[in-house]
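Me: I am new to this structure and would like to learn how to read its features one at a time. Could we go through them together, starting with a single residue?

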Amino acid sequence: MACSPATSLSVVVVAADEMAELNLRYRGKEGATNVLSFSQTEGGDPNPQAGLLGDVVICADRAEQDARELGYTTDEMLLYLLIHGILHLVGFTHDAPADADAMASKVDAIFHRLVE
C-alpha cells in the first residue's frame, strides 16, 4: 500500500450538486457524499496515465457541514477528506468493520501528524 514519491494525483473540490451526480453515476447512490476516489491504477482503463495514482473529488458543501458537526475547521476537514481519499487510492477500504477500523486509524494518524 505504497506508491512512488514521483506519483501524482488530481484533487478536485466540487459543489453538492456535482458530487451528487458523480455519486449516482459511479456508485449508484443518491445524494452528495463527502469524498470520492477514482483510481487510475485499477479497472479497465486501456490507457492509464503513467505515474498518475488517480483522482480525489471532495464536496465543499459536505466538508463544511462535516466540519461544523465534528468540531473541525473547514481546512482541517478538507485535509481529513483528502487523506481518506488518498488512502482509498492506495488500497484501503472500509467495507468490512475491521477494514473500516484500520482505515480510520490510518487517517487519524496521518491527520494528527500533519495538523500538530
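Me: Is Leu89 buried or exposed?

Reply: Burial is judged by relative accessible area, where buried means under 20%, exposed over 50% and partly exposed in between, with a 1.4 Å probe and protein chains only. Leu89 has a relative accessibility of 4%, so this residue counts as buried. The model is a predicted one, in which local features need pLDDT of at least 70 and side-chain atom pairs count only at pLDDT 80 or more, while totals for chains, interfaces and linings use all residues. Residues are numbered from 1 along each chain as its sequence is written, and side-chain values use heavy atoms, with hydrogens and water left out.

Me: Where does Leu89 lie, and which residues does Leu89 touch?

Reply: Helices (H or I, at least four residues) and strands (E, at least two) are DSSP runs numbered from the N terminus, and Leu89 lies in helix H3. A contact means heavy atoms within 4.5 Å; not counting residues up to four places away in sequence, Leu89 touches Ser37, Phe38, Ser39, Leu53, Gly54, Asp55 and Val56. Phe38 is 51 residues from Leu89 along the chain, yet their C-alpha atoms are separated by 7.2 Å.

Me: What can be said of Gly54, in terms of its place and its contacts?

Reply: Gly54 is placed in strand E3, residues 52–59, and counts as buried because its relative accessibility is 0%. Apart from neighbours within four places in sequence, its contacts are Ser8, Leu9, Ser10, Phe38, Ser39, Gln40 and Leu89. Gly54 and Gly85, 31 residues apart in sequence, lie 9.7 Å apart in space from C-alpha to C-alpha.

Me: How should I look for the largest pocket, and how many residues line it?

Reply: Rolling a probe the size of a water molecule over the atoms shows where empty space is left. On a 1 Å grid over the protein atoms alone, a pocket is an open set of points where a 1.4 Å probe fits, with protein on both sides within 12 Å along at least five of seven lines, and lining residues have an atom within 4 Å of a point. The largest pocket holds about 520 Å³ of space, a volume being the space filled by probe spheres set on points that are joined across faces, edges and corners. Its lining has 23 residues, of which Val35, Ser37, His84, His88 and His94 are the closest to the centre. Helix H3 supplies the largest share of this lining, six residues.

Me: What is the overall arrangement of the protein?

Reply: The protein has four helices and three strands, and along the sequence they follow the pattern β-α-β-β-α-α-α. Buried residues make up 28% of its 116 residues. Among contacts with a separation of 6 or more, 53% join residues 24 or more positions apart.
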